[in-house]
Amino acid sequence: MKEKVAELHQGVKIIIVLAILTGIEFAIGVRELPNVFLWVIAILKAALVVWFFMHIRRVFNLDEGEHR
Amino acid sequence: MSTETSSLASHQTHGMDYVYRMATNRLGLWLFFASDSFMFGALLVTRFYLLGGRRPHLEQVLGLIVTSVLLASSFFMNRAEVQISRGDRKGFLANTLATMVLGISFLIGVVGFEWRLAPFGPGDGAEGAVFFMMTGMHAFHVLTGVLFLAVIFLNGLKNRYSVERHWAVEAAANYWHFVDLVWVFFYPALYLIGTV
């Protein structure tokens, strides 16, 4: 159960980071700063979603997840 | 005694079957994501091939709002999945409902407002073709995601998921996050990269 509560807290942290990154990319976009920053932020956001929300590691590790 | 042993063995075999099925289900779902990514990747490449350093003239604030709405929906979807895995059915239902509402809000924002506010139509050159094709294909995925969520919501109401068995919820959650993932790249490509 503790693990699940920690997972809920982790979700809050991830969404805060994603929101901050989105704000930064908006600021970069409207100021027309170099596009490379936008690509870096997009890749960073994608990595966070794939790792923490989509749990890609479950594909390679059967012990991950709750279905046992 | 022998009946008990046989029952235990059968239970274990059934459990092993389920673990094997889970592994193949997960692999199958990720292979689907991989194949869908090629289609979205092609749309992304098309955008840069046709428009290059230009970007469509779009409502920046509206773009930020719909992006935030979709990100928030992913947050609630993650909570829904965690809630069902800890046996909190009410929490699961509430968070799934919140995800659906935010998904529909995203659709209204893009299809209902952005499409109407855009100063070009789908047939008005490369700009229109790229914008409507990318947002249209993504909106279609959001719509199917909302339908998928409606299915797990109704099944949740009927108490069909347990702590141990909720593959459909995991699949729906992953599909929803995939749709969000696509927008992570489409948002800057359409709204932020390049000059108007």
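## Where the chains meet

Two residues count as in contact if their C-beta atoms, placed from the backbone, lie within 7 Å. On that basis, 31 residues of chain A touch 36 residues of chain B. This is a predicted model: local features need pLDDT of at least 70, side-chain atom pairs count only at pLDDT 80 or more, and totals for chains, interfaces and linings use all residues. Residues are numbered from 1 along each chain as its sequence is written, with chains lettered from A and ligands numbered from 1 in the order in which they are written.

Helices here are DSSP runs of H or I, at least four residues long, and strands are E runs of at least two, numbered from the N terminus.

## A look at α1(A)

Take the buried residues (20 or more other C-beta atoms within 10 Å of their own, C-beta atoms being placed from the backbone). In α1(A) they are G11(A), I15(A), L18(A), T22(A), E25(A), F26(A), I28(A) and G29(A). Their cover includes α2 of chain A plus α2 (60–85) and α5 (167–192) of chain B.

## Chain B overall

Chain B has 5 helices and 0 strands. Its C-alpha trace spans about 80 × 30 × 20 Å along its principal axes. Buried residues account for 38% of its 196 residues. Of the contacts in chain B between residues at least 6 apart in sequence, 82% join residues at least 24 apart.

Note on methods: A residue is buried if 20 or more other C-beta atoms lie within 10 Å of its own, exposed if 12 or fewer, and partly exposed in between; C-beta atoms are placed from the backbone.
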